[in-house]
Amino acid sequence: MDPNLVYAKTPTGDEAVRQSTRVVQRNLRMVLVQVDGKTSVGELAGKIGNPRLVESALRELEEGGYIAPTIEAVSVWEESKKAAKAESKQQAALAMSQFSVFGPKSLGAPDSKSDSAFGSNFSSFGKPILPAAGKVSAETVKRPSGADEKLEPKDRTAGRPLLSWRFAVLGFAGLLVTLLGALLVFPYERFKPALEASLAQYLQTQVRIEGVGVAFFPTPQLKLTDVRIGNPADGSVAEVRISSPLSLLGNPPFQISRVDVIGAALAANRFVAMPLLNGEAVGSGIAIVRKIHIDHSQLILSDGLAFSDIYGEIRFGADGVVEKATFETNDRSLLVDARPGPLGIALNIEGRAWKPSGTAISFASLQAKGVLQKDRLLIQNIDTTFLGGILKGDWLLDWSNGLAMAGDGTLSRIDTRKLSAALVPSLKIEGDMSGSVRLRSTGRDWESLWSNSEGVLNTEITRGALNGVDLGEAARRNGVSDVRAGATKFDRLRSTITINPRQVIGRDVRMDAGMVTALGQFVSSRDGQVEGSMAVTLQTSVSSVHAPVRVFGTLPDLSATTRK
């Protein structure tokens, strides 16, 4: 489009500016108002700031007859004036035709053509016959040619589609509000007995529901609140949401795409007894559930011991049998894949920086197999990166009568500095530890279970140092004076260590440190008090010194003396 072209409003466009219903589109009306017969297309584009919008709107307004180039606009206005004068003359002639032929002749046209025209409008009895208004306007009123002839019939109905569209939207909104209101006030409690019976048959245990309602976000769902499963000790669910609630209006079996279980607290024995993970078809005659999503729930093993903040998903096949069940902790540090097994629920366990609750030890990586049975959890084939080394073994947890655990494993290249910092912070020892460990414990809860632990550790520590005592210096002084603090470096340290809630006992301690060797035992209480005796041999190039060394004091600083 030529940017120097200047447009002016036509009579139709001028009328449209005064009547807001003629041009209702915002962009067209904005451009139409700016057209004044003086401003060029380029100036309009600069003023509005959108050249493409301006050119598109100008073309549409020109096609509709609302605007025209300035030269053509003058002719359109002149034709409009002539049409208005012709229409006024015609209306005067029509008014005159309604009078008798005896009226004044000066009101009519003097020529013969006019007389014949007027005479044709009267019957032989002299009574006037009024012409049809539409016929007169169509034959006598001269309209402007071009776009105006096409536009005027449209102008008379321009607002009708818009009004119809608005009424349709308002009607739909009103219907939607009515439906939502009906859904909100509908007495869903009447379905509670049927839902309780269906869930009891589905889970094969008694179920009680406190409230029934609906939720609309993110999708319409049937909402069950405070669901009690089995006995009070078996567990409860804060909220159950069933998707596609309209599918429950048909006949069973109902097709349910998803069920959300939120805030469940379920006893492990009840979970094991459910048909979900026993390889059985679940609820095939009542409902076919495709997926159960679990959010912010916990599995209770016993009083004071539970796996909390569990999230997961259970998927079912077309026959109602579980295809896959996965569970994970809130921080995704522990992932468990559960499947039906011949001895119980088979578990495949993976851990990433997992730290068991109540302990100061974390597992950098964890791979294990397990079986969940009534009153017990057996973890086998443990293979984990632990305190800089590797731990392999088995572990059993039983909650049939309180809590009890038992574990056996092998250690390889464990960092003793990290181990002592986690278990005995006051013991300062360094080196790489390998060996075997056997652990037993009972307790009321998870914390007391670990604090009551009893274990036997057969260890061998290589290339390390025992900080807090210098056995070689004590042998050199040979009773002259006591040696306080210091450190004893060694190539190999072997011992059998027994751990119980009261003390740590080291037997068959043998230390090889080059020129120094030591044999003996020690006892350390839980508060760090150490009492030990060592037979130290100091081998020099010319002689060897044998001295009984007594080690005593409080960790981490000990004293060593050869005096009794």
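Numbering runs from 1 along each chain as its sequence is written, and side-chain values use heavy atoms, with hydrogens and water left out.

**Colour by confidence**

Colour by pLDDT, the predictor's confidence in each residue on a scale from 0 to 100. The chain's mean is 77, and 74% of its residues reach 70 or more. Now select residues 92–159: pLDDT is below 50 there, and the stretch has 46 contacts in the model beyond near neighbours in sequence (contact means heavy atoms within 4.5 Å). Where pLDDT is low, the predicted coordinates should not be read in detail.

**Into the core**

Of the 564 residues in the protein chain, 37% are buried (under 20% relative accessible area; exposed is over 50%, partly exposed in between, with a 1.4 Å probe and protein chains only). Select L224, L372 and L397, the residues with the most contacts inside the largest nonpolar core, which has 93 residues. Such a core is a set of buried Ala, Val, Leu, Ile, Met, Phe, Trp, Tyr and Cys residues joined through side-chain atoms within 4.5 Å. Zoom in on L397: leaving out residues up to four places away in sequence, its contacts include L301, L305, D375, W446 and L449. Apart from this core lies another, of 14 residues, with L28, L32, V54 and A57 among them.

**Rings**

Show the aromatic side chains next. The model has 3 aromatic pairs (Phe, Tyr and Trp rings, using the six-membered ring of Trp, with centres within 6.5 Å; planes under 30 degrees apart are stacked, over 60 edge-to-face, the rest tilted). Pick F271 and F327, an edge-to-face pair at 6.2 Å centre to centre with 85° between the planes. F271 sits in helix 11 (residues 268–273) and F327 in strand 11 (residues 322–329), 56 residues apart. F271 counts as buried because its relative accessibility is 13%; F327, at 14%, is buried too. Then select W354, F363 and F386, which form one aromatic cluster.

**Strands side by side**

Move to strand 19 (residues 454–467), which pairs antiparallel with strand 18 (residues 429–443) over 11 bridges (pairing takes at least two DSSP bridges). Here E430 has A465 as its bridge partner. Strand 19 also pairs antiparallel with strand 21 (residues 487–499), over 12 bridges, and V456 stands opposite T498.

**A474**

Select A474 in helix 14 (residues 471–477). A474 is buried, with a relative accessible area of 2%. Not counting residues up to four places away in sequence, A474 touches V483, V549, A560 and T562.

Most residues other than glycine have a negative phi, and most peptide bonds are trans. H296, in strand 9 (residues 291–302), has a positive phi of about 50°. R332 also has a positive phi, near 60°, and lies in the loop between strand 11 and strand 12 (334–340). Last stop: L555 and P556 are joined by a cis peptide bond, omega about 10°, with P556 in the loop between strand 25 (544–554) and strand 26 (557–561).

Technical notes:
This is a predicted model: local features need pLDDT of at least 70, side-chain atom pairs count only at pLDDT 80 or more; totals for chains, interfaces and linings use all residues. Helices (H or I, at least four residues) and strands (E, at least two) are DSSP runs, numbered from the N terminus.
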